[in-house]
Amino acid sequence: MDQRIFGIETEFGCLVHDSAAGTPEQVVEQVKNHIFLEQKLGVIDLHARDYTFEPARSGGFLVNGGRLYIDAVGDHEEYATAECRDIFDLAAHERAGHRILQRAVRELDLEDAVSFHNNSVDHFGGHTFGCHENYLARLDEDFFRDAVAYLLPFLVTRQIFIGVGRVGGHRLNRTDFRNNVMRFSNHEVDYIWVHNFYGVEIDPTVDFQLSQRSDHILKTVASKVRFNRAIINPKWDSYYNFSNLHRLHLLFGEANMSDWATAMKVGTTSLVLDLVEEGLIPPQVRLADSIETLKSVSRDPSWRWLARLATGETIPSVDLQRIYLETAQRCLAGRDAQTDWVLREWDYVLTGLETNPMLLDDRVDWVAKRKLLDMYRESEGAAWNDDMMHSLDLEYHNINPERGLYHGLVEAGQMKQVLEEERIEAAGAQPPPDTRAAARGQVIRRLIDSGSRKYVIDWDSVYLDKERYLELRNPFSNYEKEAEKFARGI
C-alpha cells in the first residue's frame, strides 16, 4: 500500500482535575514547552506559520518527522503524524503521539492533576474536536463535482467498524439559545470567518451512538470549519502537494484507541480512493443524502444501519460496504501484503457485524466501549443519562496507560494487537524511512544538536537562509543523500 501518502492529525482533550496545576490553556503550553525545551524532541517554530491559528512558538516539528503544536482554536494540544506509506507505520506514529504527551505529563509530575484524552467530543460542554485524516489523492477539477459522490457513501458508513462510540447525543439549534450548553469563547480567533452561529443542546433521545462527530457535521464539502463542519475540508497547500496530486483532508473523523481500527480506517479509505480514482465504483452506491445517512446510521439503536440510495431504495450499511469490498477484492487483491491484510480484515468485520457485532469487542472501539458500559449498567443499575456513564465513556480515551479503560482491556489481553511495542517506541523518535519525513527528521536532529536558532521548517522544505535550503517536494522520497549533505552544513 506504498502507492499513497497519508497522515493523521489529532486534537487531544485536556482535563484538569486540580486547579493548582493551572488552567487547561496553561497546562497545554507547559506540556508543549517541556517536549521541545526539556526533552528536546523537536525544534520550536520561531516564526508564525499562521498569525491567527499558529503564531510563533505555538509548536514545531519533531525528530520523528511529525509535528506538535497548540491549535489556537480551542487551545488543543495537536499532534500530526509524519507522512507515511505503510498503515502500520501510521498506526505506530499515531500511538507514539499519545506516549510523547503522557511522558511529558509524568515528567512534569502532573499525572494526578491532568489527563489527556484521545476523544472527539465534550459531552457537557457541547464542543467537538477532530482527528483529521490526510491522503495524497488525485484531486482534478472534476473530483468535487463528480467523483466525490462515489467516495461519500463509503465514508459515512465506515463508522460501523471504525466508529469509537459515545454516550448520548447533541443537537444543534440556530434559533433558540435557552438550552445551549456550549460556552462561547472570549477569544477572537474562535470566530475568524464565522458567519453562522448555533447553540448545542443535550439530546435526551439518544442513549448510545456509533460516532462522536456525526451530530456536529453539517456539510459534505466546505472550506470553513468552525460552526460549518464538513466531511471533507479542501486543502490546497504544501502539506501534500506533488505533481498532479493534492491533499485530501477528511475533517469528520474521530480518534480511535484501537490500533486495529486506526490501520483499518486508513487502509480501507486508501483502497476506496484507489477505486474512485480509476472510476471503478459501481454507480448504485450513490446516496440520496450523505449527511442524513451519517447521522441516522450513527444513531440507529436497531443496528440495521439503513442508508437511503439516490434511487430511493434503502440498503443496510453492511451491504453497502460489501459493494466496496467486493470491488476492491476483484480489482486490488494480490497487489501487496498490506492490501490483502485490509481485504481480509474488512471481510471479517463485515461478517461479524452481520451476525453478532458484540463479538467484535477485541478490535472495534464502539463495541469494546459498549460492552464495558453495558457491564456497568447491569452491575450498578445505572441509566444511560447518569453522569457516571459519560465519565466512563471519557475514561475509555484516557491516554494514561495506568488509568485509561482501553489500556485496561489491552493489559487483560482483550484487544487485538497489530503493533509490536518496539515499533511504537521507535516511532516516537524515528521518522518513517521511506518518505520525506526521514530527511526532515535528520535535519531537525542536527538543528537540536547544533543549537541553531536560524531556521524555517515546513512539510516540504527547510530554510536556513536565502542561500541554504533543502526542498522536499516529493513526499515519496527520503532524500537520504541530500539530507546528509545539508545537515553537515548546519
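1. The second largest pocket has a lining of 21 residues, and Arg99, Ile399, Pro401, His407 and Glu421 are the ones nearest its centre. A pocket here is an open set of points on a 1 Å grid over the protein atoms alone, where a 1.4 Å probe fits, with protein on both sides within 12 Å along at least five of seven lines; lining residues have an atom within 4 Å of a point. The space in this second largest pocket is about 390 Å³, a volume being that filled by probe spheres set on the points, which are joined across faces, edges and corners.

2. This is a predicted model, in which local features need pLDDT of at least 70 and side-chain atom pairs count only at pLDDT 80 or more, while totals for chains, interfaces and linings use all residues. Residues are numbered from 1 along each chain as its sequence is written, and side-chain values use heavy atoms, with hydrogens and water left out.

3. Helix 2 supplies six residues, the largest share of the lining of the second largest pocket. Helix 11 (405–411) and helix 12 (421–427) are also among the elements that each give at least two. Helices are DSSP runs (H or I, at least four residues), numbered from the N terminus.

4. The whole structure holds 10 aromatic pairs. Rings of Phe, Tyr and Trp (its six-membered ring) pair if their centres lie within 6.5 Å; planes under 30 degrees apart are stacked, over 60 edge-to-face and the rest tilted. One of the pairs, phenylalanine 88 with tryptophan 341, is edge-to-face, at 5.0 Å centre to centre and 75 degrees between the planes. Phenylalanine 88 belongs to helix 2 (residues 87–107) and tryptophan 341 to helix 8 (residues 337–355), so the pair ties together parts 253 residues apart in sequence.

5. Phenylalanine 88 is buried at 13% relative accessibility, and tryptophan 341 is buried at 14%. Buried means under 20% relative accessible area, exposed over 50%, and partly exposed in between (1.4 Å probe, protein chains only). Tyrosine 463 and tyrosine 469 form a stacked pair, 5.1 Å centre to centre with 25 degrees between the planes. Tyrosine 463 is partly exposed at 33%, as is tyrosine 469 at 43%.

6. Phe154, Tyr324 and Trp346 make up one aromatic cluster.
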